[in-house]
Amino acid sequence: MHTVPVSYRRCGGCSRSGLGVGKIRERRTLPVARQRIHLPPRAWRRAVKSALGGELWVGDSIAELENAFAQFIGTPDAVVVPSGRAGLRFIFEALDLEPGAEVICSAFAYPVVPHLARTLGYDVRFADIELDTLGMDPAALERVISDRTRVVIATHLYGVPCRIREIRDLVEAHGATLVEDCAHCYGASIAGQSAGSFGGFGYFSFETSKPINTMGGGIVTTADAAMAKRIREIAAKQESKDLAWLRKRLFKTSFEATVTHPLPFSLGVYPALRLLQGKDEGDDRFASGYQPDETTMQGRMGRFTNYQATLALDQMQHVLPQLERRIRNAERLMNGLEDVVRFQSNDDPEVRSDYMLVTALFPRMEEVSRRLLKLGVDSKHHYMRDCTAIGEHGGSFANAERAEREVLHLPAYPELSDASIDWIAERVRRVVEELGD
Ligand SMILES: Cc1ncc(COP(=O)(O)O)c(C=O)c1O
């Protein structure tokens, strides 16, 4: 096993939550995982407390979260939903779109999104992305949008806002509804206005890898009170969850938190990844982050619980210091490599990105990923896909194709110290220079 010196920050008193900046600096000899997943703070204890208090499933925290979230994003309303994808589904239902209605999606996106629209019987079309933000290109949207278009779904990928103001103007000019996919974008804004408040609707995901993690769940933001009421009614018809669900989510998230923790990662996961790589089976479930079975709604429905709302409220209070550190790490890595690597970015000075994942394009992405792993840096790819095969319309989607081939996510999460970030940058530089791309 190839091990390397990396200094991690340990977050005194809140290391499991990953919130805030650590107080103790340690030097260890560990490889770096692509991502850190955390169990929400005191998740087990809170579960027991909520169960004993009879507040696991229903209680005041849901309304409190909806109000706090709406206030943070700057929309009059927010409605909790079972998952990000369920949020999108409820938005479609609330809009009461006719079968065959035209829905335009970003060509490079989370496949669930166009897949869901297709499954519901809509006519799915795509607009290509731009290579800087990796979001929908307004010029490409302009070529495909028409007065037939009913909905446009614009995704802010990996925490970098797309050119949402231009997109909104086009959508409004055609009388369609803009839906913002904000699954990655808690804390991102343009000119002080939060992602999730530009369109008719925004939807956020609270899955385990997202900025707010309630072990599943999500929230829809909207300025339309009648729509919010309808979505709330639809969400209320969902089946209640049960203790089996709770146990499963707690164990699954505890497992994810364990395997992405530096020590178990370096002792168990990293050697396994190296072994798989040796057998040329590197692009497995763990390596790719997206599998066809993830395009279903399975496990992503059921009523959002009061317990999850308490977890989200708690994280909302602490997320800003963590976000500052996340942004600082992302910028340190990107600045350290700007002469050799093309990073995803939105260079509009009014844009604030939350950098859920630091993202770069490499002409030989898979080779870069392989070489980095050998040097102790785990990375993530194929999280988003070129989705254009899901629709039936022709067109050129050269940027989406290229993004699928070239996009790689580098670790820069808040727990990594400056020294670790510099060390990762040095590894990346070495690989790029070796490959000469
Ligand atoms: C861009 C994007 N949109 C939507 C979703 C769906 O969110 P959920 O998994 O909460 O349904 C995801 C999930 O990873 C995503 O990455």
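A: Strand S13 and strand S15 (residues 358–361) are antiparallel partners, joined over two bridges. Two strands count as paired if DSSP finds at least two bridges between them. Within this pairing, phenylalanine 343 stands opposite alanine 360 in S15. Before we go on, please note that this is a predicted model: local features need pLDDT of at least 70, side-chain atom pairs count only at pLDDT 80 or more, and totals for chains, interfaces and linings use all residues. Residues are numbered from 1 along each chain as its sequence is written.

The two strands belong to an open sheet of four strands, in the order S13-S15-S18-S16, with antiparallel pairing. S13 (342–343) and S16 (380–381) are at the edges with a single partner strand each, so one side of each has no neighbour in the sheet. The protein chain has 14 helices and 18 strands; these are DSSP runs numbered from the N terminus, with at least four residues (H or I) for a helix and at least two (E) for a strand.

Now to helix H2. Its 13 residues (61–73) should span 18 Å at 1.5 Å a residue, and its end C-alpha atoms are 18 Å apart, which agrees. The expected span is 1.5 Å times one less than the number of residues. Ser61, Ile62, Leu65, Glu66, Phe69, Ala70 and Ile73 are the buried residues of H2. Down the axis of H2 they fall within an arc of 165°, so they line one face of the helix; the arc is taken from the directions from the helix axis to the C-beta atoms. An α-helix has 3.6 residues a turn, so residues three or four places apart point the same way. Ala63, Asn67 and Gln71, on the other side of H2, are exposed. Here, buried means that 20 or more other C-beta atoms lie within 10 Å of a residue's own, exposed means 12 or fewer, and partly exposed is in between, with C-beta atoms placed from the backbone.

What does the buried face meet? The buried residues of H2 pack against S3 (77–81), S10 (193–194), S11 (201–205), S12 (218–222) and helix H11 (306–337), where a contact means C-beta atoms, placed from the backbone, within 7 Å. Just after H2, glycine 74 takes a positive phi of about 90°.

How values were computed. Contact = placed C-beta atoms within 7 Å.
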